[in-house]
Amino acid sequence: MLRGFYTATAGMISQQRRMEMMSNNLSNANTPGYKADQGSLRSFPDMLLQRMEQASGTNTFSPMSNPNDPVRLSTGVYLQETKPKHTQGDLRPTGNDTDLAILNQNLPENASVYFTVEQVDGTPRYTRNGNFSIDPEGYLTTNSGLYVLDENENRIQIRSRSMFVQQDGTILEGDIRNTRLGIALANNPDELVREGNGLYRTAENVPLLQNAVGAPGVNYSISQGHIERSNVDTAQAMSDMTAAYRAFEANQKVIQAYDMSMQKAASEIGRIN
């Protein structure tokens with residue numbers, strides 16, 4: 001019976017974490033470039049049950065069923081590590097020259113591309129949020145003040161009031177070429193570590209992302225005056241939250257039933273008349 005407590009409790013904890021994950025997705029549904037988290041429930045390792053029997057005066061180890069097929073007992077479920085879903089979000093027009101969006105066109109399977117920005121400590125970070133602006137010194141920055149980098153990992157400074165960004169990321173000021181946006185390619189985005197404000201970084205001992213500019217077989221386009229919306233499916237998220245809540249309630253009722261059974265066993269079955 002105690003195993004039932006643990007199994008139902010594991011189910012409640014898993015559903016609670018699913019609710020937290022989906023609530024975070026919904027709260028960022030309007031965040032530009034946000035990638036929805038996804039996770040799956042997995043079973044804990046099963047226990048193999050066998051029993052000891054005494055036959056012909058000796059202890060023999062005989063299974064409860066076929067020796068090659070011992071009885072399996074599940075020990076509950078857990079929510080596996082959540083990972084962002086790196087699919088393309090819809091583009092929303094803003095009319096601002098400093099708003100940029102990356103449109104995936106022809107990339108290697110499961111790959112994705114990102115803007116490159118400079119963290120406060122000077123290390124590179126990667127983002128899909130192209131809601132940029134120009135600071136008082138003329139540098140192109142993110143909405144949190146981080147510098148946007150070009151293809152040579154230099155800060156981008158806009159010296160005139162007009163800025164035009166071509167589809168390949170080349171920045172023009174009038175007819176004069178300024179520089180080109182630094183676009184990073186991640187062949188396996190799942191290896192990236194998510195930080196706050198829509199930023200990603202490489203994990204320890206993982207090579208830096210490849211420069212996507214001019215990389216063979218990599219095609220993307222930059223859309224000026226647009227931002228990429230999040231890829232959160234709000235209707236699906238609400239449906240999944242309802243299902244998770246019902247599963248949480250079901251496990252809760254199982255625990256209540258176990259509790260009543262143990263209370264009866266302690267107070268009635270063991271009573272001496």
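## Exercise 1: Aromatic pairs

In this predicted model, the count of aromatic pairs comes to three.

**Task.** Classify the pair formed by the rings of Phe 115 and Phe 132 from its geometry, and locate both residues.

**Solution.** 
1. A pair of aromatic rings is described by the distance of the centres and the angle of the planes.
2. For Phe 115 and Phe 132, the centres lie 5.1 Å apart and the planes stand at 80°.
3. Planes over 60 degrees apart count as edge-to-face; the pair of Phe 115 and Phe 132 is therefore edge-to-face.
4. Phe 115 belongs to strand E11, whereas Phe 132 is in the loop between E12 and strand E13 (133–134), so the pair ties together parts 17 residues apart in sequence.
5. Phe 115 has a relative accessible area of 1% and is buried; Phe 132, at 2%, also counts as buried.

**Solution.** 

## Exercise 2: Nonpolar cores

**Task.** State which elements give two or more residues to the largest nonpolar core.

**Solution.** 
1. The largest nonpolar core comprises 26 residues; those with the most contacts inside it include Val 113, Phe 115, Leu 181 and Ile 183.
2. Two or more residues come from each of strand E10 (100–106), E11, strand E19 (183–186) and strand E23 (219–224).
3. E11 gives the most, namely three residues.
4. Another core, of seven residues, lies apart from it; among its members are Tyr 126, Ala 184, Tyr 200 and Leu 209.

**Task.** List some contacts of Ile 183 beyond four places in sequence.

**Solution.** Ile 183 is in contact with residues including Ile 102, Val 113, Phe 115, Tyr 220 and Ile 222.

## Exercise 3: Gln 119

**Task.** Is Gln 119 buried or exposed?

**Solution.** 
1. Gln 119 is situated in the loop between strand E11 (112–118) and strand E12 (124–127).
2. Its relative accessibility is 18%, and buried means under 20%; Gln 119 therefore counts as buried.
3. Beyond four places in sequence, Gln 119 touches Arg 125, Leu 146, Glu 195 and Leu 199.

## Exercise 4: An annotated segment

**Task.** Describe the secondary structure of residues 5–35.

**Solution.** 
1. An unreviewed UniProt entry places the feature "domain: Flagellar basal body rod protein N-terminal" at residues 5–35.
2. Over residues 5–35 the chain is 74% helix and 0% strand.
3. The end C-alpha atoms of this segment are 36 Å apart.

Key. Residues numbered from 1 in each chain as written. Predicted model: local features only at pLDDT ≥ 70, side-chain atom pairs only at ≥ 80, totals over all residues. Heavy atoms only, no water. Helix = DSSP H or I, 4+ residues; strand = E, 2+ residues; numbered from the N terminus. Buried < 20%, exposed > 50% of the residue type's maximum accessible area, 1.4 Å probe, protein only. Contact = heavy atoms within 4.5 Å. Core = buried A, V, L, I, M, F, W, Y, C linked by side-chain atoms within 4.5 Å. UniProt positions renumbered as here; feature names shortened; annotations may be inferred. Phe/Tyr/Trp six-rings, centres within 6.5 Å; stacked < 30°, edge-to-face > 60°.
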